[in-house]
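User: I have a structure here and some questions about how the chain holds together. Can we go through it residue by residue where needed?

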Amino acid sequence: MGKSILVFSVVILFIFSIAYATPGIGTFYTTYIPSACYKNKPEGVMIAAASDTLWDNGQVCGKMFHVKCTGARNAVPHPCTGQTVTVKIVDHCPAGCASTIDLSFEAFSQIANPVAGIINIDYTP
């Protein structure tokens, strides 16, 4: 009985996490320091920069986001790997940024083929 409740709870949580994901655009970058949130302090490589949509005057610094590739935005067919990556927001994507979340190269590579350069994503905090 207890095991079935646990499995049921996990399934419901998974369904809600998918239902509440926000669609956006993902790109990648390769120069991680300095960052708008942490200056010259390295924060690893599973990191990202937030666009103005998420930035909120720096309030998003340090927050973790789960990001999944949902499809192509250009001629690269089937760029998604099917994986989800968790990243920490450490920077602000500069004005004119083409994405909602600008992922580190390492994070982008886990969810999509880097040749694509730009992808559709779903993300959740």
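User: What does V60 touch, leaving out residues up to four places away in sequence?

Analyst: V60 touches A50, L54, W55, F65 and I89. Keep in mind that this is a predicted model.

User: Where is V60 found?

Analyst: V60 is in the loop between α2 and β3.

User: Buried or exposed? I mean V60.

Analyst: V60 is buried, because its relative accessibility is 5% and the cut-off for buried is under 20%.

User: And what separates the C-alpha atoms of V60 and H92?

Analyst: Those C-alpha atoms are separated by 9.3 Å, and the two residues are 32 residues apart along the chain.

User: F65 was one of the V60 contacts. Which residues have the most contacts inside the largest nonpolar core?

Analyst: F65 is one of them, along with V67, V87, I101, L103, I111 and I119. That core has 23 residues.

User: Which elements give two or more residues to this core?

Analyst: They are β2, α2, β3, β4, β5 (101-104), α3 (105-111) and β6 (118-124).

User: Take V87. What is it in contact with, leaving aside neighbours within four places in sequence?

Analyst: V87 is in contact with M46, I47, A48, K63, M64, F65, V67, L103 and A107. F65, V67 and L103 are also listed among the residues with the most contacts inside the largest core.

User: What about a second core, which residues does it include?

Analyst: The second core is separate and has six residues, including Y29, I47, A49 and V90.

User: Changing topic. How many disulfides does the structure hold?

Analyst: Three. With bonded cysteines counted along the chain, the pattern is 1-2, 3-4, 5-6.

User: Start with C37. Which cysteine is its partner?

Analyst: C37 forms a disulfide with C61, and the sulfur atoms are 2.0 Å apart. The pair links distant parts of the chain, 24 residues apart: C37 is in the loop between β1 (22-29) and β2 (47-50), and C61 is in the loop between α2 (52-55) and β3 (64-72).

User: Left-handed or right-handed, that link of C37 and C61?

Analyst: Left-handed, with -75 degrees about the S-S bond.

User: Are these two cysteines buried or partly exposed?

Analyst: C37 counts as buried at 19% relative accessibility. C61 is partly exposed, with a relative accessible area of 27%. The cut-off for buried is under 20%, so C37 at 19% is counted as buried.

User: What joins C69 to C80?

Analyst: A disulfide, S to S 2.0 Å. C69 is in strand β3 and C80 in the loop between β3 and β4 (84-92), 11 residues apart, and the pair links distant parts of the chain. The torsion about the S-S bond is about -60 degrees, so this disulfide is left-handed. C69 is buried at a relative accessible area of 6%, whereas C80 is partly exposed at 29%.

User: And C93 with C97, how far apart are the sulfur atoms?

Analyst: They are 1.8 Å apart. The link of C93 and C97 is right-handed, with 70 degrees about the S-S bond. C93 is buried, with a relative accessible area of 3%, and C97 is partly exposed at 26% relative accessibility.

User: C93 is also a contact of some serine, I think. Which residues is S99 in contact with, leaving aside neighbours within four places in sequence?

Analyst: S99 is in contact with I25, G26, T27, S51 and C93. S99 is found in the loop between β4 and β5 and is buried, with a relative accessible area of 5%.

User: Which side chain joins S99 in a polar contact?

Analyst: The side chain of T27, at 2.8 Å.

User: Last topic, charges. How many salt bridges does a search of the whole structure find?

Analyst: Two. E43 forms one with K41, where the closest N and O atoms are 3.2 Å apart. K88 forms one with E43, at 2.6 Å between the closest N and O atoms.

User: K41, buried or exposed?

Analyst: Exposed, with a relative accessible area of 52%.

Methods: Residues numbered from 1 in each chain as written. Predicted model: local features only at pLDDT ≥ 70, side-chain atom pairs only at ≥ 80, totals over all residues. Heavy atoms only, no water. Disulfide = S-S within 2.5 Å. Helix = DSSP H or I, 4+ residues; strand = E, 2+ residues; numbered from the N terminus. Buried < 20%, exposed > 50% of the residue type's maximum accessible area, 1.4 Å probe, protein only. Core = buried A, V, L, I, M, F, W, Y, C linked by side-chain atoms within 4.5 Å. Contact = heavy atoms within 4.5 Å. Salt bridge = Lys/Arg side-chain N within 4 Å of Asp/Glu carboxyl O. Polar contact = N/O pair within 3.5 Å; in protein donor to acceptor, adjacent residues only side chain to side chain.
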